[in-house]
Amino acid sequence: MAARRQWNNIGALVLTLLCLFERSVAQISYMISEEVDIGTAVGNLAKDLNLSVQQLQSTSLHVTSGYKRQYFDINRESGVLFVSDRIDREELCPNVAKCSLNIEAVLSNPRSLHRVEVVINDVNDNAPAFLEEICTVDIYESSYAGERYPLPLAHDADVGVNSVRTYTLNTNEYFSLDIQRNGDQSVSAELVLQKALDREKQALFQHILTAIDGGKPPKSGTLQINVNVLDVNDNSPLFSKSLYKVHVVENASNGTTLLALTANDLDEGVNGQIVYSFTERGRFNPEDKFSLNDETGEITVKCCIDYEENQAFEIRVQARDKGNPPRSAHSKVLVEVIDVNDNAPEISVSSLMSPVKEDTEKGTAVAMLTITDKDGGKNGFTNCKVIGSVPFKLKSNYKTYHSLLVDGPLDRENISRFDISIVATDEGTPVLSSTSVITIQISDVNDNPPRFVDSYINVSVKENTPIGTTIHKLNTFDPDLYENAKSTYHLLNSSPKTTHINSMVTVNSETGDVVSLQAFNFEELKTFQFKAQATDSGVPPLSSNVTVNVFILDENDNSPTILAPYSEHGSVNSESIPYSAEAGYFVAKIRAVDADSGYNALLSYHLSEPKGNNLFRIGTSTGEIRTKRRMSDNDLKTHPLVVLVSDNGEPSLSATVSIDVVVVESTADIKTQFRHVPIKEDSFSDLNLYLLIAIVSVSVIFLMSLISLTAARCHRTDSSFSRYSAPMITTHPDGSWSYSKATQQYDVCFSSDTLKSDVVVFPASFPPVDGELISINGGDTFTRTQTLPNKEKTEKMDE
């Protein structure tokens, strides 16, 4: 670098001189290799300067440089520039890729200066070399494969292809080289771990690293690499046994030696130094009973050993080295205590499946039992069995382990809990035993459908009950539990004929309330039937059905209806009686019907006007108006009467009819108001005629009554429910009687009057106009009314 600076100073001076002399400077370049022999021609400088031989002599051509050594000179005869001193590129241009020497060719006449550059090419005259002969690499044995370690670089004074181009390592299974190149500038190498190391197998590896340059032939340098495998605490201590067994009597004295533990560690130094200790296990602390020497591993008895407390001691011991972090090993010491038979067996339930489903199959395990005895040897051998008759049995699995199995059918509805007694006995002398009770709860499965109390339910509901009224509540009994016993209800449409039931009633699915959807009319519907189903919420659901018979009860919602001839609204009804009428004379008969049934259709007749009447009376049950006494001159000629017809319902309903009774002087005037009946010949007396008519009338009435009753019974439409209706026959004070049933009622009225005798037979449900009426009175008929002929004579009857 100093020579270069000197050359630069000379160059600056030369340039200054050239400016003074106003001369031009030219530059000529040559190229030679380093280490060529002295005298080697570099180039013909005279030729390159266009100088002839004559001019070469006259111009005094010579070369100068700023270097300490004169590396070049010129032959003044030929003008050839040649090497005059040894040229070492590494000395002239260390660590430089391009190396050149600059010299000046000077001409005296005419005065001129020419720059000459000689490029020095490198030759492979230097081998790669390391700064050290041996390189030590420390690698922990815990290092993972793939870890890298940088290696020293080799140095080569040559440049370019002659410098270090690669590295090699002798073949081995543990290490390899990774070469990194930074373009053409440098090459480095890293040692790569190929396989995990184990110091305990090989602690030192020696390898040769070779650096090779790119010359032809190549040169190389080597370096010895020593790999020291550093120990890590990768080996745990190892006990000589995984389980130590020792026996000790329960009366062993303190200080008695049981055994000495031994453990080894392959590591070195503190990593291989072992310390022994107890490790706690559960509630048992080994130090309460035993002592352990932490250096020698000797275990001795420290305190009293009682077989009744522990028949065996399982001691956990640890061997730990002093490494960082420390490593340890564990072993067990089983200390068996010898004893006598002074303990009874113990029964413990290790697993219990309760509750047990009632449909559990035979052979299913419901509990696991362990029978233990603190005694040893034969004193500890045990047997067990189930006491009593229960659907369970014991099965021996292994040694002291037993399974409790289902051995019969289970039915929670019969027995929901079993207290199973198990007795265990040992084989010691004397024999000792113990008993344990296992409680098994039986859980419910849906094996019972909801049940109604009866397959038929009879429900009575009054007619005209408001819509939405609960007429019945369905109840079921299900011996199952919880969801299996929770029932929901709904109607069943068993056939198209019963689909109209959905418009009449509905069932609340949750409560079972049967709710009416319409107001019932007894006169239109007296009974109906539907089926309901109850379904539980089990899986799968079970169900049962019930038939519900609904009977409509009659309400007094129909007033009596007055029959003809007094039924015409607004008409004036009048009857005539002779002035000579005796007490009890028949005036008129009021007839009425009621569409209701039973007592609601049982009618009574009363005279409501005039007040204080002492001339007429009416049969309460027959409706016949008769005189109380004979007429007098003080009596009125016309007597207005108001007849009140009332039923026996609650509340009672009634109807009225007005009749004007006219008193006439003779019976001839009365005949014009009645239908005339032919009078028999005089030879047949009036009394005989009256008796004949009475006998015929009574006979016909009796016969018609029997026919009507028989026909009505055979013609019943609701025959399926007739068994639920009890007949009722009512006898009235005046001799008449009535027949009543749930769906039909017949009234037969007899009169002792010689003028009119009537029998009225009608069912309970009378429509206002259309009624089932049989009247033995020539003028009183309805639709569907049969009239029987009756001969009567309008004559005054003497007492």
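Is S654 buried, partly exposed or exposed? In this predicted model S654 is partly exposed, because its relative accessible area is 37%, where buried means under 20% relative accessible area, exposed over 50% and partly exposed in between, with a 1.4 Å probe and protein chains only. S654 belongs to strand β49, which covers residues 654–664; strands (E, at least two residues) and helices (H or I, at least four residues) are DSSP runs, numbered from the N terminus. Leaving aside residues up to four places away in sequence, S654 touches S559, P560, L644, V645 and S646, a contact being heavy atoms within 4.5 Å. One of these partners, L644, is 10 residues from S654 in sequence and 6.7 Å away in space, C-alpha to C-alpha.

Residues are numbered from 1 along each chain as its sequence is written. The model is predicted, so that local features need pLDDT of at least 70 and side-chain atom pairs count only at pLDDT 80 or more, while totals for chains, interfaces and linings use all residues, and side-chain values use heavy atoms, with hydrogens and water left out.

The protein chain has an average pLDDT of 80, and 81% of its residues score at least 70, pLDDT being the predictor's confidence in each residue, from 0 to 100. Over residues 1–25 pLDDT stays under 50, and for this stretch the model has 21 contacts beyond four places in sequence. Residues 717–799 likewise stay under 50 in pLDDT, with 209 contacts beyond four places in sequence.

Strands of a sheet pair through backbone hydrogen bonds, either parallel or antiparallel. In the present model, three strands form an open sheet in the order β2-β5-β4, with antiparallel pairing; two strands are taken to pair if DSSP finds at least two bridges between them. The edge strands of this sheet are β2 (41–44) and β4 (72–74), each of which pairs on one side only. On average, its neighbouring strands are turned by 20° against each other, direction ignored, the axes being lines fitted to C-alpha atoms (for helices over the stretch in contact) and the angles running from 0 to 180 degrees between N-to-C directions. Between β4 and β5 (residues 80–83) the antiparallel pairing extends over three bridges, and the bridge partner of D73 in β5 is F82.

Strand β31 (residues 433–443) takes part in pairings of both senses. With β30 (residues 417–426) β31 runs antiparallel and is joined by nine bridges, A424 standing opposite S434, and the two strands form a hairpin with six residues between them. With β25 (residues 356–357), by contrast, β31 pairs in the parallel sense over two bridges, and here V356 stands opposite I442.

Some backbone features lie in loops. A cis peptide bond, with omega about 5°, joins S354 and P355, and P355 is found in the loop between β24 (346–352) and β25. The peptide bond from A564 to P565 is also cis, with omega near 15°, and P565 lies in the loop between β41 (561–562) and β42 (573–578). E35, although not a glycine, has a positive phi of about 65°; this residue lies in the loop between β1 (25–33) and β2 and counts as partly exposed at 30% relative accessibility. N464, which is not a glycine either, has a positive phi of about 65° and lies in the loop between β33 (456–462) and β34 (470–473), where N464 counts as partly exposed at 41% relative accessibility.
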